[in-house]
Amino acid sequence: QVQVVESGGGSVQPGGSLRLSCSVSGNFRSISHMAWYAQRPGNSREFVAQIHTGTGARYADSVQGRFSISRDSAYSGNLQMNNLRPEDTAVYLCSVSVVRVGRPLTTYWGQGTQVSVSS
């Protein structure tokens, strides 16, 4: 099995910054891509950012230029969130698609970390 754990959420004022981390453990060969989604009460998950081993990073229009996704090891990655706005308030979930020997690409999700932006 594969476990995904997010950390780094919190409460900040508008214009502030947070750095979310995603740590992955378990039985897998490599991470193909890592992504972050935002989930607000009553809404479905919304794409925020993704980083792919072969094709690089892409972002939702709403966070382009403010958020930056990166990988810092074979087992972890980060989402740097700058110039935060009240509308960024959400639970942020990390998803990873992993390569395992003899098995198809499989996606796993963490439980999420809360980000709250208010004055």
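Visitor: What sits over the ring of F47?
Guide: The charged end of R58 does, 4.4 Å from the ring centre of F47. A charge sits over a ring if NZ of Lys or CZ of Arg is within 6 Å of the ring centre and within 35 degrees of the ring normal. Please keep in mind that this is a predicted model, in which local features need pLDDT of at least 70 and side-chain atom pairs count only at pLDDT 80 or more, whereas totals for chains, interfaces and linings use all residues. Residues are numbered from 1 along each chain as its sequence is written, and side-chain values use heavy atoms, with hydrogens and water left out.

Visitor: And which residue lies over the face of W109?
Guide: That is R45, at 4.3 Å from the ring centre of W109.

Visitor: How many aromatic pairs are there?
Guide: A search of the whole structure finds three. Rings of Phe, Tyr and Trp (its six-membered ring) pair if their centres lie within 6.5 Å; planes under 30 degrees apart count as stacked, over 60 as edge-to-face and the rest as tilted. One of the pairs is F28 with Y75, which is edge-to-face, with 5.8 Å centre to centre and 70° between the planes.

Visitor: Where are F28 and Y75 in the chain?
Guide: F28 is in the loop between β3 (18-26) and β4 (30-39), and Y75 is in the loop between β7 (67-73) and β8. The pair links distant parts of the chain, 47 residues apart. Strands are DSSP runs (E, at least two residues), numbered from the N terminus.

Visitor: Is F28 buried or exposed?
Guide: F28 is buried, with a relative accessible area of 12%. Buried means under 20% relative accessible area, exposed over 50%, and partly exposed in between (1.4 Å probe, protein chains only).

Visitor: What about Y37 and W109?
Guide: They form a tilted aromatic pair, 5.1 Å centre to centre and 55° between the planes. This pair also links distant parts of the chain, with Y37 in strand β4 and W109 in strand β10 (residues 103-109), 72 residues apart. Y37 counts as partly exposed at 21% relative accessibility, and W109 is partly exposed at 34%.

Visitor: Which residues do ring pairs link into a cluster?
Guide: The cluster is made of Y37, F47 and W109.

Visitor: New topic: which cysteines does a disulfide join?
Guide: The structure holds one disulfide, and this bond joins C22 to C94, with 2.1 Å from S to S. The criterion is a pair of cysteine sulfur atoms within 2.5 Å. The link of C22 and C94 is left-handed, with -80° about the S-S bond.

Visitor: Where are C22 and C94?
Guide: C22 is in strand β3 and C94 in strand β9, 72 residues apart. Both cysteines, C22 and C94, are buried.

Visitor: S95 comes next. What is S95 in contact with?
Guide: Leaving aside its neighbours within four places in sequence, S95 is in contact with H33, M34, A35, Y37, T107, Y108 and W109. Contact means heavy atoms within 4.5 Å. S95 is in strand β9 and is buried, with a relative accessible area of 6%.

How values were computed. Helix = DSSP H or I, 4+ residues; strand = E, 2+ residues; numbered from the N terminus.
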